[in-house]
Amino acid sequence: MMRESKNMNESELRALLSNLRMSKQKGELDTDEKLAQQTVKWRNTLEYSVLETCAKHHSEECRLGMLALLVESKKSTLRFSCKELDMILLFLKYNLCEKMEYVPLIKKALKRLKDSLAVMQRQLAQEIKMRNHCKEQDITSEAYENALALSYQTSEQIERDVKDYITFFVNLREICVSNLYPDATYTRRRSSLQILLLMQDLLYNEFKDVEWKIYQANTIMQCLLLDTYEPNKEMAYQIIKTMNPTLLQITAFILQEALNLAKKNIGMAIINNSLYGHLFCIRSLLSDCNLRDVGMSKPWQNAIADIILLCFELNHTVSVIVNNSSPEGHLPMDLEMLNFNDVSFPEKEIITPQMVLLCSWRTVKEVSQLFGLLATKASIQTAESQNGLLTEKQIEHIMKHLVSLLCETKHRGAFEQVYVGFHQLCMRLWRSTNKTLNALPTHWLHNILIGITGLMPGYSKLCATRRSAGVPFMIQAVLSSEPKIHNNSEISTFHSVMKILLQFSQLENTINLWQKVKHIMYKDTIFSKYEHLTEPLIENRNDYDCTEIKLDVTEIKTHSMNILRALFRHSQLGDMVKNYIADGLIVAFRNYESKTWAECNAATLLFSALIIRIFGVQRTKDHVNLTTDNKMTGRIFFERYPNLLPFILNELRTFISINDNVIKSNVQAILLLLSRLYISYHFDSTDVTWKINEFVNLISQCAKSPVYETRKLVARALVPLLTEATVHNIVKKLFLILCTARDTRISMNLTHGYLLQILEILTRLPSVHVQLSISDVTNFLSSTDWILKGLEKRTNMFSCFLVASVYVDIIRELYNLNKNMIENCKDDILYILQEHLIKKVLLRQGAGEQIYKVSVIKFILCVGKNSNFFQTVHNEQSKAFIIYSRLLIMPEAEIQSITWTTVFEVLKKESNQSRELLRSYAICVAIDFAKNLYKYNPKLQDAIFDFLYNSLMDINECCLSDKRKICNLVLRELHQHSASNIYSQRVNYLRLLGKCMMTLLHELQDEQLAIKHTETVYRTVCDNNWISSLRMDFRSSIFDILYGLFEKTNISIEYYNPILDLWTVLLQLLLDDNADIRHEASKLLCRIKPCNELRCIQETLSIFFQIFGEMVADKHPEIAISALFCWSISLFGDTDYEMDETDVFNKCRNYDVFEPVRISYLCFDLVKLIIQKYSINRPLPSNVVRWINYHLDSNFHTMFSSFRGIVRDYRCEPPSLQNKLEDILDPTYKDKLLQILTYEKYRSL
């Protein structure tokens, strides 16, 4: 019926599984007949070996298909067979570490398990009831006897099935818990915890008699302590809290003690107490309580009141950090108030700025989220109801505290989290029936708006830098939480705030500032009721300290624009802000012209936010070639924002009328906006609603700008406004202007701008060439040849290289569109351009010469690609050799880079003699460059490395003498510099280095040179760091090189270290975080031992150690056990567990696949097999010991060191741990623990 599983390829397996799933979903495989015959084959259809193969297959689709086939069913109550349950466990054994979406399928399996178990229990109860009934009737007929026998048989089968279910439940729990070991990857831990949580949620009542074992509880508790991901901690906590409390003995530290210590010495608090950790525990516990039901409890009220006061004090303690003007680089040792010189402070403890900041901002985060939780869940005492957990006073204090945090905190992570809690509090207050509480958001909103003007005392600490820090977040929280029903009014809070901020942004000076602010704040706004309360404060402001009152119009405008930016960006306010977009753009455009950097920067940020609000989030990485998703037709745009039309036209007219050398900043922003508009496909030329013709003329004339980027932007903005009907006239008009440019003496900037417009039109609207006649182009080129000739010293005409560069690009674009378009002028142009390239003293010196020559090279390459230009012979030399022999030695880096990049393609079209001549010349030039190559541009270096690599790859054409030159150049010249790490991180060089070694071994067979450099070359090439970061186009070539090195490297005393390096890098690549790299490494493993097939990573690792044992350990056990010991201890060179001041955040290693302890156990299993045949007391070869010293950063004696001696001497290296709480709280605890566990098994040797 079907082929053997071992003969099935991936596509056949996928098709088979897909067909079976369809049949099963229809119920065709769930008939009684199929279900009864499953001893040999699943559903009497599919061998179990095929299912097992699929569970371990390298294809994710095959593995998921196999699991879905077992789990999914037409009937949700269909029983699982014992073998099906075993197959599900087998799947998890091999795939818990995989990043696949299989947990939903496990959830389906558990639901079906639950439903089918319920059916079985009902059936069992019915059978028992039926038998009891028969016994009561005392019937003894043969029919009843048969019925009873059948009933007992059915009951026994059900009991066996239930027992299988219980066994499966126990085994599933065991598998998940056993995969929560300390070095388990994030994916493994997450999936295990998710399944455990699903088992708890779905099957708790069904299997409540299956108790947790103590070691299982401790494992989950350890996961809670050591896991670095909060979602995993949360899942572990949800599992733990359902366990029998007697299994766990978790000590609860009192938060007050931590606070007292923090007040005395925050450094000690950071070392010995996790301030935010205690708060997290309190918040987690409170989140599980029904806080509305405990409002009448006095102990609860007192406890919450104490927690609130503690939170206030905690925030006050860490405020000196998060409120600092530069919290990220804050050195705590600079502040005497932190008391780091306390005699009780441990000398060896390192306290870094990052550690202090981390503790501080996360404390603020936890306090804010705790206040948000209380605001959301807790009941509030009011005049009508005294039964509340929180009092009005406490709410007011919390509100004031959060406002203070948002106004004064400088650290973004801190005030972003404060915003979350503040938003939850505002949501509660807006909907409160208590008038006092309901008015609080409006009251604080009013105060902050007056505060940003500098007129109201108490707001001097507002931060005008950092995009106004938390102030925009505060206003955003108040407005976004306001109920929609309030927003319908024209004088609602939102509309009032928008009008106020827009007017604040247009203030010019501080003269009569209070009168202006009073008019803005209280005329037709929701804040008019506060005018009488504010007046006395402002009138008596002179009584306050001078630092409390700070009038600065720049800060007012900066704050206003930063707040507007936040409101325009906020998704919940999207529909409400649309009526203010035009006014916001006008504010941004006007403030582009401000004299202060702060206002210009705020205007830029506001403009950016408005562009996103109007055109949507950018869908592509290319900000120039946007899709229509991020554009809009001009007609729709100006219909939506009609006020912008006269404003933009006026700004463009003003710019055109002013002096050519004046820079008008907002024109750049206006053009950027206009570049997003385009003409509708169904454009009606009679529709002049938005004055398109005037726009085209004004935009085109903006090309006079002295700013290069503005001229480029003009070209981009112009093209979308042209149609096929209008583009021809525009191009002819530009041709005419440029043809008469010398007579009319237009500026060089305007000439350059018009050329850019022509180039952009030809690039973006290529159909224009159909309308252009050859005579039009010929006249244009003949009349503007002064642009090229003016670059030469021998003429008295003036030109510049930037203009000439665009001119050549236009010629190239015309040639690409139609080869005949420039036919009449092509030879003359090519002659001029060739002269400019090969003659040293012909051109004047000037800015942009390199850019011009690059354009010339691109044009000549384009002509050479489509004609025999390069093959033309002059003075017995081809044009290719004449041009490239000059270009290869030019000093300009970019010219050399493009030359070396294209020379190999040019060589392919040359005749044999010319090809050999140019290749040999290029190799000689590369040899001449070698000594100083490290000084050159990296892009140029890569181009040379790629040329040399391609020459080595050219098996048929490149002669052995040239290959020998390249190998000598790379190994004897470049590799010497590489020893000092000049090229060691360059992918192109490393690929070339590996290819040179392959060429030496396979083609040149130069054993002497190969042996001399073998060890250093292999150590350099066999490095997973650069291989794992390869681009897709490099991967296949690099893995081919690795295979070639494997194939030709025999195990001998000279090649001990190379062999160890090769196998080490292969194992590292099999464990790489990049799935594509792992796949390539698996394919390489299969090539080394062709009988193997691709498998999932779990199975592949077993295959790796099996092959390593056969190819290395069986023949050379001494080098095998050395490698295995090093891999156990430090496969990725991560033996250092000590933390220095730069390592606070990056010591947390979270791999996708690599698990150090598991690899150590796999290695040790193979070591045990080896030492059965090999004495570990024998001295190891000296070069092997040297390899161990290099990889473990150790200093074992190279002579007479045995494996046992090395293992014994290494026992002092791992740290010691007593597993006390202070050890667990140590940030390096997990790294230390892994070091101990990886060495643990070797102690027995």
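This is a predicted model: local features need pLDDT of at least 70, side-chain atom pairs count only at pLDDT 80 or more; totals for chains, interfaces and linings use all residues.
Buried here means under 20% relative accessible area, with exposed being over 50% and partly exposed in between (1.4 Å probe, protein chains only). Helices (H or I, at least four residues) and strands (E, at least two) are DSSP runs, numbered from the N terminus. Among the buried residues of helix 20 are Pro472, Phe473, Met474, Gln476 and Leu479. They pack against helix 16 (392-408), helix 17 (412-430), helix 19 (440-451), helix 21 (493-504) and helix 24 (553-569), where contact means heavy atoms within 4.5 Å.

Residues are numbered from 1 along each chain as its sequence is written, and side-chain values use heavy atoms, with hydrogens and water left out. Local features need pLDDT of at least 70 and side-chain atom pairs count only at pLDDT 80 or more, while totals for chains, interfaces and linings use all residues.

Stepping back to the whole protein chain, there are 59 helices and six strands. Of its 1245 residues, 55% count as buried. Taking contacts between residues at least 6 apart in sequence, 73% join residues at least 24 apart. The accessible surface comes to about 57000 Å², and 50% of that belongs to carbon and sulfur atoms; the areas come from the Shrake-Rupley method with a 1.4 Å probe, and for residues only the protein chains shown count as cover.

Next comes the interior. A nonpolar core is a set of buried Ala, Val, Leu, Ile, Met, Phe, Trp, Tyr and Cys residues joined through side-chain atoms within 4.5 Å. The largest such core holds 318 residues, and Trp900 and Trp1127 touch the most other members. Helix 47 (residues 987-1004) gives the most to this core, with 11 residues. A second, separate core has 72 residues, including Met66, Tyr102, Leu113 and Phe207.

Leaving aside residues up to four places away in sequence, Trp1127 touches Trp1063, Phe1104, Phe1108, Cys1163 and Trp1187, among others. Trp1187 is one of the buried residues of helix 56 (residues 1182-1192), which include Asn1183, Ile1188 and Leu1192. The cover over these buried residues includes helix 48 (1007-1021), helix 51 (1056-1070), helix 54 (1117-1130) and helix 57 (1203-1210). Just after helix 56, Asp1193 takes a positive phi of about 50°.

Finally, the charged pairs. A salt bridge is a side-chain nitrogen of Lys or Arg within 4 Å of a carboxyl oxygen of Asp or Glu, and the count comes to 43. Glu10 and Arg14 form one of them (2.6 Å, N to O). The two sit four residues apart in helix 1 (residues 10-25), so they are separated by about one helical turn. Glu10 counts as partly exposed at 27% relative accessibility, and Arg14 counts as partly exposed at 28%. Glu98 and Arg63 meet in another salt bridge (3.2 Å, N to O). Glu98 lies in the loop between helix 5 (82-95) and helix 6 (103-137) and Arg63 in helix 4 (residues 60-71), so the pair ties together parts that are 35 residues apart in sequence. Both Glu98 and Arg63 are buried. Lys908 and Glu905 also pair up (3.5 Å, N to O), three residues apart in helix 43 (residues 893-909). Lys908 counts as exposed at 53% relative accessibility, whereas Glu905 counts as partly exposed at 49%. Salt bridges that share partners join Glu10, Arg14 and Glu61 into one network.
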